[in-house]
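Take your time and turn the view as you read.

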Amino acid sequence: MTSPILETRNLNFSYNSGVPILHDVNISITKGQNVGLVGESGSGKSTVLRLLLGIYRPTQGHILFAGEELALRNREQARRFRSQVQVVFQDPYSSLDPRQRIDQLIAEPLRSLGIARDANVGGSRANIRDWMENEVVEALKSVGLPADSARRYPDEFSGGQRQRIAIARAIVCKPQVLLADEPVSALDVSTRVRVIELIAELGATKDLTIVMVSHDLAVVAALCKQSIVLEKGFVVEQGLTASVLGAPSHAYTQRLIESLPRLPVN
Amino acid sequence: MSTTKKERSAPLIIGCILVGFITSMALISLFWTPYSVGDMTGDRLGPLSSDHWLGTDKLGRDLLSRVMIGARIAITVGFASVFIGAILGVIFGLIAGFAQRWVDESFSAMFDILIAFPTLLLAMLIVAARGASLTSAIIAIGFGMSAIVARLTRLLVKRVLAKDFITASRASGTSWMRIILVHVLPNIWPTLIVTFALQFGFAGLTEASLSYLGLGAPPPNASWGSLLQEAQATVLISPVAAIAPGLLLVCLVIGMNMVADGLRDVADPTLRRSR
Amino acid sequence: MKIVDVQNLCVETVEGSKVVSEVSFSIEPGARLGLIGESGSGKSMTALAIMGLLPAELKVSGSLLLGNGKDQPVQILGAPEKMLNRIRGTVASIVFQEPLTALDPLMKIGRQLSEPLRRWQGLTGDALNDAVLSALAEVRINKPERIAASYPYEISGGERQRAAIAMALACEPALLIADEPTTALDVTVQAEVLTLLDAVVSNRGMSLLFISHDLAVVSRITDHVLVMKDGSVVESGSLRDILQDPQHPYTRDLVTSAKELDKALDIALATEKNIGIG
């Protein structure tokens, strides 16, 4: 049993106004075990994601990254953390800077985290640029977009393609964990399935562990081995997706499952 | 597509012609005016003639020369006050945009107070302190404008910061400085440019009102505002003396408005690349 | 007599691109029709056309007859605004995805609801008050008094959508158009609102045009559907038939996608049970 990449211990969070959002959340993310954070609006699921991303700071409790307390003021740890934990958001129209070209956009982590520099020690500026260009094309390829997308701008792409670009940006620095906040709920059904397949494939081929926030149990069932059900800031149930969905022990989980719209059985 | 594009750029072209006309008058006045501004070279209130294209004023000074100098003053004031307004406004707007809670609230309150404070009153205070001059007028207008720019910048910055791409950028370890340069400024710039263009026109208008009240450049300098003031008493005898500066002022404001409108379309990234 | 009869409806933008092209369908009194399509398929435009709510700059052609089942149906296309105003709410009503757009943010729910009731049924005073409360009770709002005294922003999304449905039903229309009415809601609330819509429409014997991108959601309401893509109807008939044997490539894609997600759920839901039995 390997130690978890990310772990929370008695995580509490409240906004400045004092309204509590999360109560004693304990979760752990181990390599290769995709996790689905399930809940409805107000459950605090997106807040958990932002805490795991280090964008919010816990009011109480701890977040551990590779066994050590997450302290992003420690620059060395921050760099390691940022290159290991990346994120994809729900709204593909808000998650890409409309003024940046796709290659600049995707290369941002390589540049900001100094990865391009480290990979080309002693290389000239031109070397670094070529190397980055190469990585960008690789990332585009792995999300199923043509190499010439690099020279275009976000508004030339559809919602599904934008989401692929956002995923390319997230995986370009070869992270271990991909945090995904409702990555497919803004997409049309057929596009949705394709993006889910892409995420599943990347998870399998790139050694990527996916932590996905979703209100859609079908998406979680398709992607995640583990599920955590949140209700009003409390974890009400967690475990293997098959057992959480197949034999829900909490009344709220049961209600969620009963409410699911299903296709008629022929 | 080509027709709609043409339609869209029509205001920009007309605006550029109007503003270009005034700007060239101002530029020419740097090297040449028909007569020297202060010289009484003709009859008092002389009519339009080949010697004096726009006639002369009540002291016999050539009106065209005075109007040209007026253009120079209007353009100078426009540039200088937008420069001051832009620098102060963008800097304070950025600070307020990034600030949270009480810091943000105090900045906002400050901007609101400054906006509510009449530029005219501000100008009077500055004139009282430094004496009436073009610089005083520029400082007053630029300062008043900075509050408007700051409030807009703050709003735009907050809007951009709420976007997911900023969070994604932070999650990629990008420094705040770089986020400002690469993500925030390029995204708020188009709207700001439009505002600067609008404010440029208004600055000319405000300067004219200040000069009209005697708070602008002192004589013999001829701002359009002071020309209008001088022409007031004799407007029935010599209407051109009032019409010429008045019309140019209108051209400047409308022209800059059209430029602003045109820039808004050009700055729209979805239009920019769809050819 | 048909409630809605749409023939060759075309909607074009100023630039000449067709948003809706050659759409024809009709709904009998008390019947239900599901309109399925993804974003940009023209389904919402069709709904707006029936209500006579299309933006004026769009070019519309074809025929669109709307009736209450008793009087002679009227032609909606090209009808004067005054007539449309009389029809809206009393013959056909619409519920949108986002109830906040349908409710006036500055008016208490009770007052908003009382306005159509007063105009339509001529109620005043206590009778009007009672009518408002019973309208809210009909959409299964637990504490009608509290909701009636609240502003839209003070109540939950589910309550807002119920209030919007109550408003749409106030003037007893013959047709209710529901445009993605549950898409913005949580799953549990969605299930409640769907049950509510189903019941209310049955009780009143109304016709229903239900618009959604979600095959599973539509199947809760009706089996009779129309699939739209890029402004045209690509397939129509029974949802069960379409799920079993989709004809158009687009429908096939849609059905496969929906089934794939459904299957993932089935597997997850079944695994543990099987383990339990075994």
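In this predicted model, chain A and chain C touch through 27 residues from chain A and 35 residues from chain C. Which helices of chain A each supply at least two residues of its side of that contact? They are α7 (189-205), α8 (217-223), α9 (241-246) and α10 (251-259). The largest share comes from α9(A), with 5 residues. By residue type, the side of chain A that touches chain C holds 14 nonpolar, 8 polar and 5 charged residues.

Chain A also meets chain B: here 22 residues of chain A are in contact with 18 residues of chain B. On the side of chain B, at least two residues each come from α6 (164-171), α7 (176-212) and α10 (269-272). Which of the helices gives the most? That is α6(B), with 7 residues. This side of chain B divides into 5 nonpolar, 8 polar and 5 charged residues.

| Contact of α4(C) with α5(C) | 6 residues | 3 residues | 1 residue |

Now look inside chain C. Two packed helices are described by the angle between their axes and the distance between the axes. For helix α4 (residues 109-121) of chain C and helix α5 (residues 125-138) of chain C, the axes come within 9 Å and cross at roughly 115 degrees. Is the crossing of α4(C) and α5(C) left-handed or right-handed? The crossing is right-handed. To find the contact on your screen, pick out C:Gly110, C:Leu113, C:Ser114, C:Leu117, C:Arg118 and C:Gln121 on α4(C). Their partners on α5(C) are C:Leu128, C:Ala131, C:Val132 and C:Ala135.

Finally, step back and view chain C as a whole. Chain C has 11 helices and 10 strands. Its radius of gyration is 20 Å, close to the 19 Å that the globule rule gives for 278 residues, so chain C is as compact as a globular protein of that length. Along the principal axes, its C-alpha atoms fill a box of roughly 65 × 55 × 35 Å. Among the 278 residues of chain C, 45% count as buried. Of the contacts in chain C with a separation of 6 or more, 64% are between residues 24 or more positions apart.

Conventions
Residues are numbered from 1 along each chain as its sequence is written. Chains are lettered from A and ligands numbered from 1 in the order in which they are written. This is a predicted model: local features need pLDDT of at least 70, side-chain atom pairs count only at pLDDT 80 or more; totals for chains, interfaces and linings use all residues. Two residues are in contact if their C-beta atoms, placed from the backbone, lie within 7 Å. Helices (H or I, at least four residues) and strands (E, at least two) are DSSP runs, numbered from the N terminus. Ala, Val, Leu, Ile, Met, Phe, Trp, Tyr, Cys and Pro count as nonpolar, Asp, Glu, Lys and Arg as charged, and the others, Gly among them, as polar. Axes are lines fitted to C-alpha atoms, for helices over the stretch in contact, and angles run from 0 to 180 degrees between N-to-C directions. A crossing is left-handed if the near helix is turned anticlockwise from the far one by less than a right angle, and right-handed if clockwise. The radius of gyration is taken over C-alpha atoms; the globule rule is 2.2 Å times the number of residues to the power 0.38. A residue is buried if 20 or more other C-beta atoms lie within 10 Å of its own, exposed if 12 or fewer, and partly exposed in between; C-beta atoms are placed from the backbone.
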